[in-house]
Amino acid sequence: MAQAIEKSGQTAIKDAKKRYTAGVLKYRQMGYWDADYVPKDTDTICLFRITPQDGVDPVEAAAAVAGESSTATWTVVWTDRLTACDSYRAKAYQVEPVPGIAGQFFAWVAYDIILFEEGSIANMTASLIGNVFSFKPLKAVRLEDIRIPVAYVKTFKGPPTGLIVERERLDKFGRPLLGATTKPKLGLSGRNYGRVVYEGLKGGLDFMKDDENINSQPFMHWRDRFLYVMDAVNKASAATGEVKGSYLNVTAATVEDMYERAEFAKELGSVIVMVDLVVGWSTIQSMSNWARRNDMILHMHRAGHGTYTRQKNHGVSFRVIAKWLRLAGVDHLHAGTAVGKLEGDPMTVQGYYNVCRDSYTRRDLPRGLYFDQDWADLRKVMPVASGGIHAGQMHQLLDLFGDDVVLQFGGGTIGHPAGIQAGAVANRVALESMVKARNEGRDIRNEGPEILRRAAKFCSPLQQALDTWGEISFNYTSTDTSDYMVTESAI
Amino acid sequence: MITNPAGRITQGQFSFLPDLTDAEIALQVEYGLNKGYAWSVEYTDDPHPRNTYWEMFGMPMFDLRDAAGVMLELQNCRRTFPRHYIRLMAFDSTRGVESIAMSFMVNRPQHEPGFGLVRQESRGRSIRYTIHSYATDAPEGERDGD
């Protein structure tokens, strides 16, 4: 099929005089399509899902994507000839129809390493998801996956702490971490807010969390929140003998405000601060540097990602966002639950987890991973599963995600009929029982409910949790699944 | 007396469960050995959450591939320090991990003294917090008198 498309098309004009005559050429004539191109180890490779306008040839559309995400403008410019212009042209080199979806095509595009500034996600994204996403000849375009060359990976510092060092600092090994988001999101005074944090942590959670839209509103200014929360954290730590934390959200109107809030969190002895994805790439990288200088774990709440990750035909896949965030340097990243209230096909979500935690990510089409990715010893991100999950799903969560994950039960802790501490106890007992059973060789996927029932015999809070939520599940069809191909691709 | 819901210090993987029997401990050890981890026995009389370095009861057992051997070391440690905290730790030397993969308590004193929270009022409303381990109120060597 790819060959048939290629034969019907035109290729780059090699004669320089013809190539640079003023006027308009097809993108593929300008050199943005090269079916024989073999990507270099140092190239960045993007896989786009494109939907050309009716009548637009898919190869020309792919060439246009390559052009508009690198050097092209709509017309020929003679000033190209002052440069080693071929280096700067991204090259579309393969186009295939998306299996089963008429009108959509996968297009592979390679970018030379000279195109992107060292260690800058802002620069890389300005090219790759810049003008091209508004380009008229395409109805829609989505960046499905990206292969970042080791040479470019090594220009990033990555997570300031990483999941291995985070565990060492927290002294917590061999089990998922447990958290909860303080609820209600809005309206609690600092003093009331700290009460929820204390109850959750004393009950057995490792972390509590500010929600994404808790910053410094009239009902609770940020300093008040930080002061009360840290009293709760320290008191719970003394009550249990464990290191505890609460993600203090330092998201604010300006980066200067964020530094001020982060400094205060540090002074008070917090082990972790939090930012929202909406603060933008440069702020994220700045906060990552700050976290590195100050021995701080950096939690990333992916607020807003659904506006560009959710629709299958247009936007950026979350697996790409996750790769960029690992390079940019966050320690925690919300990556989906598969079984909770928010969007996510289980295999696709596992793909995001792999991107966060692998030393070397293997191409895995059913999980939506189109490329091998060598992470070059970059530290690993701890994924966070949060949103509509409860103790009754513990076996599914452990089976899907393994040990290196923060499981966050917000409603599932705070909404417990016997109170917040009881909710935390239920979650911790469910978790420890399941880890123990798995290690003993039990088949938790099938025996999970029975394991939980047996644990509930010595733990009445767990029994109450199972009675309250045991049957709750969110079974909706995912909008974002992998349309994986059975055929082998070039890379 | 510790008044948290578990009624005791809750460090390690299984502190919220009833104490593991030796047979159950051996199953966990087996799991770690199958993963290629090296087990180590450590003990302390001061389980402060930031007391990272408990005493090693010998070196990590890198070449020991039999759970019974690890259990023997644990029994020796329990005999020597019956009223100390004892934990089993598994080390994973895989590149990119090179850290602890499992850790759980296998012995506790009958009476767990717990911790106090010392608040030092500081500038403005800021408070400096110190977690005080009551176990350290007595000199080392005299802490396990109960």
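Is A:Asp171 exposed, partly exposed or buried, and how many C-beta neighbours does A:Asp171 have inside 10 Å? The count is 17, so A:Asp171 is classed as partly exposed. The model is a predicted one. A:Asp171 belongs to the loop that connects helix 7 to strand 5 of chain A. Its phi is positive, about 60°, although the residue is not a glycine.

One of the pairs consists of strand 14 (residues 382-386) and strand 15 (residues 406-408) of chain A, held in the parallel sense over three bridges. In this pair, A:Val384 is placed opposite A:Val406 of strand 15.

The loop between strand 5 (177-181) and helix 8 of chain A contains A:Pro184. The peptide bond that joins A:Lys183 to A:Pro184 is cis, with omega about -5°. Another loop, between helix 11 (281-293) and strand 9 (297-301) of chain A, holds A:Asp295. A:Asp295 is not a glycine, yet has a positive phi of about 55°. With 12 other C-beta atoms within 10 Å, A:Asp295 is exposed.

Chain A as a whole has 19 helices and 15 strands. Its radius of gyration is 25 Å, close to the 23 Å that the globule rule gives for 491 residues, so chain A is as compact as a globular protein of that length. Along the principal axes, its C-alpha atoms fill a box of roughly 80 × 50 × 35 Å. Of the 491 residues, 55% are buried. Among the contacts in chain A between residues at least 6 apart in sequence, 75% join residues at least 24 apart.

Neighbours within four places in sequence aside, the contacts of A:Val109 include A:Phe48, A:Val65, A:Ala90 and A:Ala92.

A:Gly100 is found in the loop between strand 2 (91-97) and strand 3 (105-111) of chain A. A:Gly100 has 7 C-beta neighbours inside 10 Å and therefore counts as exposed. From A:Gly100 to A:Val384 the separation is 284 residues in sequence and 33 Å in space, C-alpha to C-alpha. Helix 13 (residues 318-328) of chain A is mostly covered, with 10 of its 11 residues buried. The buried residues of helix 13 include A:Arg319, A:Lys323 and A:Arg326 as well as A:Val320 and A:Leu327. After helix 13 comes A:Gly329, with a positive phi near 105°.

The next step is the meeting of the two chains. Contacts link 37 residues of chain A with 30 residues of chain B. Helix 7 (162-170), helix 8 (190-203), helix 9 (222-240) and helix 17 (420-439) of chain A each supply at least two residues of the side that touches chain B. Helix 17 has the largest share of that side, nine residues. By residue class, the side of chain A that touches chain B has 11 nonpolar, 12 polar and 14 charged residues.

Chain B has an open sheet of four strands in the order 2-1-3-4, with antiparallel pairing. Strand 2 (55-56) and strand 4 (99-107) are at the edges with a single partner strand each, so one side of each has no neighbour in the sheet. Strand 1 (residues 38-44) and strand 2 of chain B run antiparallel and are joined by two bridges. Here B:Tyr43 faces B:Glu55 of strand 2 as its opposite residue. Helix 1 (residues 22-34) of chain B lies across strand 1, strand 3 (85-92) and strand 4, at about 170° to strand 4.

Further along chain B, seven bridges join strand 5 (residues 115-121) to strand 6 (residues 127-133), and the two run antiparallel. They form a hairpin with five residues between the strands, and B:Gly124 in the turn has a positive phi of about 55°. B:Glu121 stands opposite B:Ile127 of strand 6.

Methods:
Residues numbered from 1 in each chain as written. Chains lettered and ligands numbered in written order. Predicted model: local features only at pLDDT ≥ 70, side-chain atom pairs only at ≥ 80, totals over all residues. Pairing = 2+ DSSP bridges. Rg over C-alpha atoms; globule rule 2.2 N^0.38 Å. Buried ≥ 20, exposed ≤ 12 C-beta atoms within 10 Å, placed from the backbone. Contact = placed C-beta atoms within 7 Å. Axes fitted to C-alpha atoms, helices over the stretch in contact; angles between N-to-C directions. Nonpolar A, V, L, I, M, F, W, Y, C, P; charged D, E, K, R; others polar.
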